[in-house]
Amino acid sequence: MLRIRVVGALGLEDDGRPVPLPRGLARRLLAFLALHPGQHPRAQVAAGLWPEVSDDVALHRLRTTLYEVRRALPSVAPFLLRVADVDVGLHPDVAVDLVEARALLEAGALEAALDILAPGLAEEIAQEWGEQGRRDAEAWRLRALERLAHDSADVAVALAYARQRLELAPLSEVAHADVIRLLLASGDRAGAMEAYERLRQVLDAELGVGPSVASRRLLTEMHDDDARRAAMGGQGTRPRVPVPMVPLIGRDEDLVQLDALVHAHRLVSVVGPAGVGKSRIALALAQAHADRGVPVAVAELATTARGESCDYVVAAALGVLAGPGRRIRDAVVDRLELEPGLLVLDNCEHLLDPVRDLVADLLRSSPATTVVTTSREPLANPGEHVVRLPPLPVPAEDDDDGLVRASPAVELLSAAVERRSPDALGASDVVRGLARIARRLDGLPLALELAAARIPSVGVRVLADRLDRGLDVLSARPGSLDRPGGAPGRRHDSLIGALDMSMTLLSPRERTLLGLVATLPGPFPLSAAEELVNAAGLTVDCVVGMARLVEASLIQSHPGDPWSYSSLQTIQIFGRTLLDDDVARRAQSGLVRWAAWFAQDVGTREDVDEAAVNAEVTRFLPLVRAALQVARDQDDVPAQRRIVTGVEGWSVWRDQPEVWSWITDLAAREPEEDPDAEVLRMGALAAWRLGRADAMRTFTARCVAADPGGPGGGAASAALTMLAYAERRWADVLDQVERIPFVDDGSRIINETLASTALVRTGRPEAALEAARIARRDAERIGAPSILALALLAEAQASDARPATESDRSMEILVEARALADSVGSTELVAAIDKERGVEALKRGRPDLALGPLTSACLHWLGTGNEGPISRALRGLADALEATGRTDAARRLRDAARDGQLTPARLAAIARSA
């Protein structure tokens with residue numbers, strides 16, 4: 001049996017025998033999958049491992065890493081990984097030591113669990129995704145030591161375990177108290193006194209407080225029940241934990257993580273936007289603790305008015321009476337000193353100051369008490385651990401019906417509808433409609449519940465269509481048409497009412513700032529928010545204002561370079577209602593100015609990390625798209641030119657037909673008189689990439705006419721060169737390359753590679769190889785990976801045209817080129833290199849090695865609609881299929897290509913069947 005070790009040192013065993021793990025990313029992938037058992041969507045695994053890059057680059061890295069695992073571990077890989085089209089995970093039969101330890105702990109095999117957990121998580125698992133596993137391992141180890149210290153009949157053995165626990169948790173008064181208790185039980189009074197003094201010093205140095213009443217009484221042995229009741233000033237019966245009427249859906253992992261945090265921290269705040277389910281998960285946590293015998297109290301603060309004391313609500317939750325002449329706060333503090341446990345303070349956002357003060361008193365006086373708060377923003381107390389609860393995961397647009405139904409957001413929505421009307425979900429197309437609703441409502445549980453209440457009366461499709469127009473359809477629960485959404489005690493009758501409540505926590509300028517950034521689709525940088533603020537004339541420090549909105553859970557921040565922000569669609573819709581028309585118009589103009597600056601900035605940067613620029617532009621492309629549409633609506637041609645020309649250079653080697661369409665649209669709009677030759681040159685290139693040969697010729701002719709330098713000028717000659725290349729007029733390519741004035745190193749190297757290709761096609765491989773090697777040296781000097789990959793592709797093609805002794809290196813060069821192109825997301829270059837790899841494998845008599853690269857290249861070009869380079873790749877793929885005995889697949893591929901019926905989905909189906 002295969003077993004992965006993540007505790008101690010990362011390792012792999014096969015029936016107890018060590019198996020050497022591969023280095024680099026392969027080890028990282030196996031550790032990630034071991035810490036996240038089960039099957040997971042590929043996109044989720046890729047994003048978890050490489051959050052700093054774009055989704056496409058992360059998926060490329062995942063595919064490469066899976067290949068490396070299979071190559072490095074050929075004998076065990078089939079039994080180690082389970083890889084499907086859409087998901088990936090460890091094989092169910094693979095054991096993981098951390099999972100074994102938890103099972104042993106739950107089964108009561110505490111010593112066996114402790115043997116596994118003692119070394120702690122492997123040091124090399126230092127990434128953010130490993131932090132939860134590290135916390136789990138530590139929490140489980142502490143739990144095992146605690147139970148062993150309490151359950152062992154041998155006092156000396158119990159004391160040893162208690163001391164181990166104290167070493168791991170030196171600030172835990174409960175751990176200190178266990179050591180003192182066991183020392184007293186063993187008769188070592190002097191040792192107990194010494195341990196008590198250490199506790200006193202630790203609490204004084206770290207927290208500025210003294211030992212609790214319970215700790216003090218361990219030494220004085222004062223356990224008089226009557227005295228305790230007198231000290232409490234009287235008490236009632238502690239109320240039970242409220243029991244929700246519906247099950248908790250989609251929060252299993254969140255609940256486990258929250259439970260582990262509560263074991264490790266004394267103050268945990270569950271924070272998130274309105275309707276995300278903070279109260280619901282806190283109640284589930286409270287019930288779980290109550291089931292374990294932990295004293296639990298839940299204080300619901302939603303109905304407490306702002307400015308009022310929350311002490312009486314907490315006292316009622318604890319079943320405490322103040323008694324004559326005593327403050328209610330003193331009674332609460334005394335109760336928790338003598339009966340510590342878990343206290344949940346629910347819905348604190350409008351009472352931050354009084355709650356902050358109360359919690360400080362409680363934690364100071366009762367170190368064994370744990371407090372969990374739910375709020376739309378943190379308390380900002382010392383020692384507070386903040387958990388930002390995300391919405392439920394929603395299905396992607398291209399998920400199949402099975403994945404849609406398995407999505408937590410759709411599962412909750414379906415369950416809520418079925419409770420009201422089981423027949424409402426009977427239509428065959430309802431699954432896609434539920435997915436639309438879940439995405440539109442960001443997976444917010446409150447919004448999904450409100451939507452479910454509407455579906456029995458209007459149906460899934462109608463509700464999905466209405467939600468595209470706004471949130472008014474969720475204005476109130478059925479039967480509450482005239483009741484305000486924000487009425488006291490009924491704040492969750494309406495999504496708008498819940499959002500209105502959030503607005504009351506903001507100042508007027510903060511509300512305006514929220515309205516401004518709500519106009520920004522997708523992630524956006526601080527610079528975009530600042531431009532909108534300036535355009536609107538809002539006097540606010542944007543850094544401080546954005547921090548305030550993040551703290552209030554109205555927008556999310558995304559660490560990285562650059563740092564960025566985003567907001568949920570529901571908050572975007574609501575936020576836009578906060579702006580008047582004039583401010584909204586000025587904000588749009590600010591967005592256009594930002595996009596023009598950003599596009600020109602990324603288009604002219606030098607000596608930068610190309611992969612980082614790719615990730616940055618990919619992240620902010622929705623913003624650029626929105627700004628371009630505004631510029632079109634305003635007929636602002638100069639702004640359109642600045643935006644489009646700025647991102648053109650970035651889009652050249654990437655799968656960006658949308659950007660190419662922007663370019664061709666702009667080129668088509670160029671006036672007949674005094675057009676911009678450079679825009680027309682870019683239009684010609686973009687038209688070629690889109691497979692629009694006629695448009696390419698038209699734009700080239702107009703570019704030549706518009707270029708003041710004539711056919712020998714920069715823009716015109718570049719357009720003529722690309723046209724000759726597209727039409728395979730190799731002599732004209734060589735002629736035009738000689739005419740192009742080099743404006744920068746990158747352009748010169750690209751033209752050197754074009755010349756090399758033309759020299760190969762005209763039967764001059766020696767000259768072609770020389771030109772390609774010059775291009776390679778120049779590309780290595782400037783350090784641009786995509787340009788170097790292009791030069792390597794040219795060198796491989798030139799090498800392949802020479803005798804066999806020279807062409808043997810072409811495959812090696814192509815592998816190097818592909819790695820470079822893949823590392824920076826140059827998808828067009830990856831496809832071109834894959835095509836060349838496949839053709840080279842066919843020439844070497846290895847059609848089995850040609851199938852993968854050629855399929856990948858064909859899928860890329862089919863997806864972009866560029867018919868120019870695909871024909872040779874399709875012919876090669878059909879030949880490879882036939883040569884490997886897949887004659888039926890080869891025939892279907894040729895028939896579909898001949899009839900013009902070949903699509904990415906159909907090609908993928910043919911490849912799967914083969």
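How many of the 914 residues of the protein chain count as buried, in percent? I got 51%, with buried meaning under 20% relative accessible area, exposed over 50% and partly exposed in between (1.4 Å probe, protein chains only).

**Ground rules.** I am working on a predicted model, where local features need pLDDT of at least 70, side-chain atom pairs count only at pLDDT 80 or more, and totals for chains, interfaces and linings use all residues. Residues are numbered from 1 along each chain as its sequence is written, and side-chain values use heavy atoms, with hydrogens and water left out.

**Whole chain.** I looked up the secondary structure and found 45 helices and 15 strands in the protein chain. Helices (H or I, at least four residues) and strands (E, at least two) are DSSP runs, numbered from the N terminus. Next I checked the surface: the protein chain exposes about 40,600 Å², and carbon and sulfur atoms supply 52% of that. Those areas come from the Shrake-Rupley method with a 1.4 Å probe; for residues, only the protein chains shown count as cover. Then contacts (heavy atoms within 4.5 Å). Taking those between residues at least 6 apart in sequence, I see that 65% join residues at least 24 apart.

I started with strand 1 (residues 2–5) and strand 2 (residues 11–14), which pair antiparallel over four bridges. Pairing here asks for at least two DSSP bridges between the two strands. L2 sits opposite D14 in strand 2. Five residues lie between the strands of this hairpin, and G8 takes a positive phi near 85° there. Strand 2 also runs antiparallel to strand 3 (residues 17–19), joined by three bridges. In that pairing I find D14 opposite R17 in strand 3. The hairpin of strand 2 and strand 3 has two residues between the strands, and D15 takes a positive phi near 50°.

**Sheet 4-6-5.** As a reminder to myself, strands of a sheet pair through backbone hydrogen bonds, either parallel or antiparallel. Here I noted an open sheet of three strands in the order 4-6-5, paired antiparallel. Its edge strands are strand 4 (40–41) and strand 5 (81–83), each pairing on one side only. Strand 5 and strand 6 (residues 87–90) run antiparallel, with three bridges joining them. R82 stands opposite G89 in strand 6.

What lies across strand 5 and strand 6? Helix 1 (residues 25–35) does, running at about 85° to strand 6. For that angle, axes are lines fitted to C-alpha atoms, for helices over the stretch in contact, and angles run from 0 to 180 degrees between N-to-C directions.

**Sheet 13-15-14.** I logged another open sheet of three strands, order 13-15-14, with antiparallel pairing. Strand 13 (524–525) and strand 14 (556–558) are the edges, and each pairs on one side only. Three bridges join strand 14 to strand 15 (residues 564–566), and the two run antiparallel. S557 is opposite Y565 in strand 15.

**Aromatic pairs.** Rings of Phe, Tyr and Trp (its six-membered ring) pair if their centres lie within 6.5 Å; planes under 30 degrees apart count as stacked, over 60 as edge-to-face and the rest as tilted. I count seven aromatic pairs by this rule. The ring centres of W594 and F620 are 6.4 Å apart with planes at 80°, so I filed the pair as edge-to-face. W594 belongs to helix 28 (residues 581–604) and F620 to helix 29 (residues 610–633), so the pair ties together parts that are 26 residues apart in sequence. W594 and F620 are both buried. Ring pairs also link W594, F598 and F620 into a cluster.
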